[in-house]
Amino acid sequence: MRHLLSTRDLSRDDAIHILDVAEDMADTQTREVRKLPTLRGKTVVNLFFEDSTRTRISFEAAAKRLSADVINFSAKGSSVSKGESLKDTAQTLEEMGADAVVIRHGASGAPHTLAASGWIDAGIVNAGDGTHEHPTQALLDAFTMRRRIHGTASRGRGLDGITVAIVGDILHSRVARSNVWLLSALGARTVFVGPPTLIPLDLTGWPAETSYDLDATLATQPEVVMMLRIQTERMKDAFFPSPHEYARRWGLDDERLARLGPDTIVMHPGPMNRGLEISSRAADSPQSTVREQVANGVSARMAVLYLLLSGERED
Amino acid sequence: MSTPTLLIRGATLPDGARADIAVVDGVIAGVGTLDASPGAMIIDADGLQALPGLVDLHTHLREPGHEDSETVLTGTRAAAAGGFTTVFAMANTSPVADTAGLVEQELALGEASGYATVQPIGAVTAGLAGERLAELGAMASSRARVRLFSDDGVCVSDPLLMRRALEYVKAFDGAIAQHAQEPRLTVGAQMNEGEVATRLGLAGWPAVAEEAIIARDVLLTEHVGSRLHVCHVSTAGSVEIIRWAKARGIDVTAEVTPHHLLLTEDLAESYDARFKVNPPLRSAEDVEAVRAGLADGTIDIVATDHAPHPEQHKDCAWPEAANGMVGLESALSVVQATMVDTGLIGWADVARVLSTAPARIGRLAGAGAPLAVGSRADITLVDAAATRTFAVGDLAGRSTNSPYLGRTLPGRVVATLHRGVPTVLDGALRPHDEVVGAVRSVTAHG
Ligand SMILES: [Zn+2]
C-alpha cells in the first residue's frame, strides 16, 4: 500500500487483508511485551492542521508500538498556523526524512494534494480531511463490527448481509463517507438516516439507501446502528430547529434503545454528545462498542502503518 | 509617420470566400484580389482563417493591485497571443475601478501597452461592496467612455440596488453585467453541487444560485426597461431562463466561457485546483445546454473570464485555492474544438460571438468591425488545421493557471493585427517597443 487516502480505493481483498493484519496486531496487544520491532528506524510524522487529540494519540500509540519514531507536528502555535503553506510544510518533512505522514486537515482533499504533489516521497495516511473521508475510522469500525459478529472466526471474512444504519449529519461527515465505501466493499448494506437537510441531495450511484425516519429504520432490525456526532452550531444554519427536536426524531434515546435487539451493535465514533444524539444508557449499554472502538483504533492504525511502511512499495 | 502598408495574401474570410486584405494606416483599405504596393509587408495567409480581431468582454487584468498575477501589459500580451485585439477589463482591481479617474488610468495603461485596446468596465457599487452605487455617470462621461458596469467576482445581490443600477445606466445606454450568484446559497461553495461534490466532501455551488439571480434580473430589466448582460452562464437552467426572456423581448445578452463549453465537474476528482473556478465547472448536460444555447443565439458571446493567479494560490489544497483560470491564449482553440469542429457553428458565427457581438454589447465603436474596407484593421489569422498539445510555452501572460496544459487543442493563432500593427507574426509575439510605437503613430493619425 503506497498511501491510504480514501476507502473507495480499497477492494474487498484489500479491506479484508488490512482487517486481518489488524487482528494480528490486536493479538500482540494482549501479550506482556506489546512493543514490536517491526518499524524500527522508520519515522512517522503526525501532521495535524486540525486539533484532534483522540486521533493523534491513537496514531501515536500505533506507531510507537511498532517501534517507529514519532514526530508530532501540530498546527497550533507552529509556522503552519502562521500561514506556511502545505507545500512548505511537506518539503520540510521530506528533509526530515519522514517515511509516513499521517495528516489531519480541515480542507477536503489536502491528503490527495500532498500525495500527488511530488513535494514529499513519504506514504500519506488520511487521518480526516474536511468533510471528505476518515479511512482509518471506517477500518476500525469494520474491525469492531466483524469481531462482534464473527468473534474469533473473523479472519478472512467480510460483513456480508449485514445492515448498518448510519444516523445523523451525513452531509458533513467524513466518517459516513469512509464507512459507506468500505461497508460496500465488505458486502454490507448501508442506510443513511437523518433530517433531509443533513443528507446529501444527490447520492446517485452510492451504495446507500436513505431514510428520514429513524423508527422505521430501527423496525427493520439493522445489525448495526452507528450514531454520528451532531454539532449544535448546525442549527444556526437552519439544518434543524433545535437540539431538542433533533434528539426527539433522530437521537438514540432510552426508549429506542429498548426496542433494539440484544445483538444489535450500537456504535459512535466519538466524542459523544450524551443526551443529544445518544443517551447515556445507550452509550454505556452492553450493545455499545464505544470503548472497544478506541482500543480497536490502535490495532487498525498499526495495521495501516505496517502495510504502508514494511515490505515492498508498489509505485 | 505612417505605418507601412501591409497585404494579407489569400486569407479565408469568415464567409468562406478567399481574399487578399490590404491595410493602410491602421485601416482596411481593400478586400479582394489585390496587388501589393511597393514596400508593403506581405503576410502569406494561404490556408489561414481570417477573423475580425477578437474582443473579450470579460478579462481580469489585475493591475492595479495584483501585479504578481498579471499587469495590463502582460495581460494584453496574452490577449494578442490568443488573437484578441480588444479586452474589456473587469473592475475588481485594487483599488476597484469605481471612479472616472481610475477607469481613465486603466485606459492609459492599455494605451501604453499597445498589444490590445483596453476598454475599462466600471464597478456597479463603490468598492464592489454592494452598498451604494459607484459614480456610474462620471465613468460614462470620462475619457474611458464606460458603458458596461459590473461588480464581477461578487453578485449585485441586493434587488433594490440592482434595480436602481439598471435604471440609472439607461441615461447613457449602459448595461449591467451581472455575476449571477446568490451569496446565501453559495456560502463556502467549492464546486458544482451534486454527486461528485458529495463524494469529494466539497461544499456545493447549486445551479439554482445562478438561475435564481438571472430570473430575478431579467424580470427587473423588463420592469425598468433597461439592458442586462449575464456573465459566464454555466447551467442548463440559466440557458432556459434567458431563452424565455429573449422570447419575451427583454433586452438581455449572455456570455459563456470557453471552459464551461469544454470542461466538466468530474475534473475536480483530482483535487487539482487548476479546475477550481467560479461559477464552477458543471455537469455534461450543462455543457451540452450551453453549447446549444450558443449555437441558437440564446447565448450571444464567448468571453474568457481570464483570471490569472500566482502559483501559490493554486498549488495548495482545493478549498484553500483561488477561483479562476487563465483563458485568453486558449479561448479560440476551445471554441473551435467545442463549437466549430463539432459542426454546431461556422467561422462566421465565431466572428460574431468572439468579436462583433461583444463589441456591440460593450458599445465600443471601432472594435469588432467586419473585415471590410474602412474598418479598423483589427485582424486575426488562424491556422485551423493545426493541432497542438497546449503547454506553458503557449501562455503569454504572467500566470500559468491554465486548465488546458497537457491537453490537445485544435487551431493556432498565426498572426494578430491590432489597428493594423502586427502584435503576433508567425505565431510569436512582436517586441513591445515595436508594437507600442507603431500603434501610437496609427492612433495619432486616426
Ligand atoms: Zn464572475
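Lys246(B) has a relative accessibility of 25% and therefore counts as partly exposed, in a scheme where buried means under 20% relative accessible area, exposed means over 50%, and partly exposed lies in between (1.4 Å probe, protein chains only). The model is a predicted one, in which local features need pLDDT of at least 70 and side-chain atom pairs count only at pLDDT 80 or more, whereas totals for chains, interfaces and linings use all residues. Residues are numbered from 1 along each chain as its sequence is written, chains are lettered from A and ligands numbered from 1 in the order in which they are written, and side-chain values use heavy atoms, with hydrogens and water left out.

## Salt bridges within the chains

Side chains of opposite charge can pair when their charged atoms come close. A salt bridge is taken here as a side-chain nitrogen of Lys or Arg within 4 Å of a carboxyl oxygen of Asp or Glu, and the structure holds 39 of them over all chains.

Lys246(B) is paired in this way with Asp300(B), the closest N and O atoms being 2.7 Å apart. This pair links distant parts of the chain, 54 residues apart, with Lys246(B) in helix H7 of chain B and Asp300(B) in the loop between helix H9 (284–295) and strand S15 (301–302) of chain B; helices (H or I, at least four residues) and strands (E, at least two) are DSSP runs numbered from the N terminus. Asp300(B) has a relative accessible area of 11% and is therefore buried. In chain A, salt bridges that share partners join Asp215(A), Asp253(A), Glu255(A), Arg256(A) and Arg259(A) into one network.

Glu222(B) and Arg248(B) form a further salt bridge, with 2.9 Å between the closest N and O atoms. This pair, too, links distant parts of the chain, since Glu222(B) belongs to helix H6 (residues 207–224) of chain B while Arg248(B) sits 26 residues away in the loop between helix H7 (236–247) and strand S14 (252–256) of chain B. Arg164(B) and Glu167(B), by contrast, both lie in helix H4 (residues 159–168) of chain B, three residues apart, or about one turn of the helix, and their side chains meet in a salt bridge at 3.9 Å from N to O.

| Residue | Relative accessible area | Class |
|---|---|---|
| Arg164(B) | 41% | partly exposed |
| Glu167(B) | 28% | partly exposed |
| Glu222(B) | 32% | partly exposed |
| Arg248(B) | 45% | partly exposed |
| Arg62(B) | 10% | buried |
| Asp426(B) | 68% | exposed |

## The interface of chains A and B

The size of an interface is often given as the accessible area lost when the parts come together. Chain A and chain B bury about 1400 Å² between them, 56% of it on carbon and sulfur atoms, where buried area is the accessible area (1.4 Å probe) that two parts lose on being put together, summed over both. In terms of contact, meaning heavy atoms within 4.5 Å, 20 residues of chain A meet 16 residues of chain B.

Two salt bridges cross this interface, and Lys87(A) forms a salt bridge with Glu311(B), with 3.3 Å between the closest N and O atoms. Helix H4 (110–117) and helix H6 (174–185) of chain A each supply at least two residues of the side of chain A that touches chain B, and H4(A) gives the most, with three residues.

## Helices of chain A

Helix H1 (residues 12–28) of chain A has 17 residues and should span 24 Å, in agreement with the 25 Å between its end C-alpha atoms. The buried residues of H1(A) include Ile16(A), Leu19(A), Asp20(A) and Met25(A), and what covers the buried residues includes H5, H6 and helix H11 (290–309) of chain A.

## Backbone features of chain B

The peptide bond from Glu63(B) to Pro64(B) is cis, with omega near 5°, and Pro64(B) lies in the loop between strand S6 (54–59) and helix H1 (72–81) of chain B. Arg62(B) is found in the loop between S6 and H1 of chain B and, although not a glycine, has a positive phi of about 70°. Another cis peptide bond joins Ser94(B) and Pro95(B), with omega about 5°, and Pro95(B) is placed in the loop between strand S7 (84–89) and helix H2 (100–113) of chain B. Asp426(B), in the loop between strand S18 (421–425) and strand S19 (428–429) of chain B, has a positive phi near 50°.

Note on methods: The expected span of a helix is 1.5 Å times one less than its number of residues.
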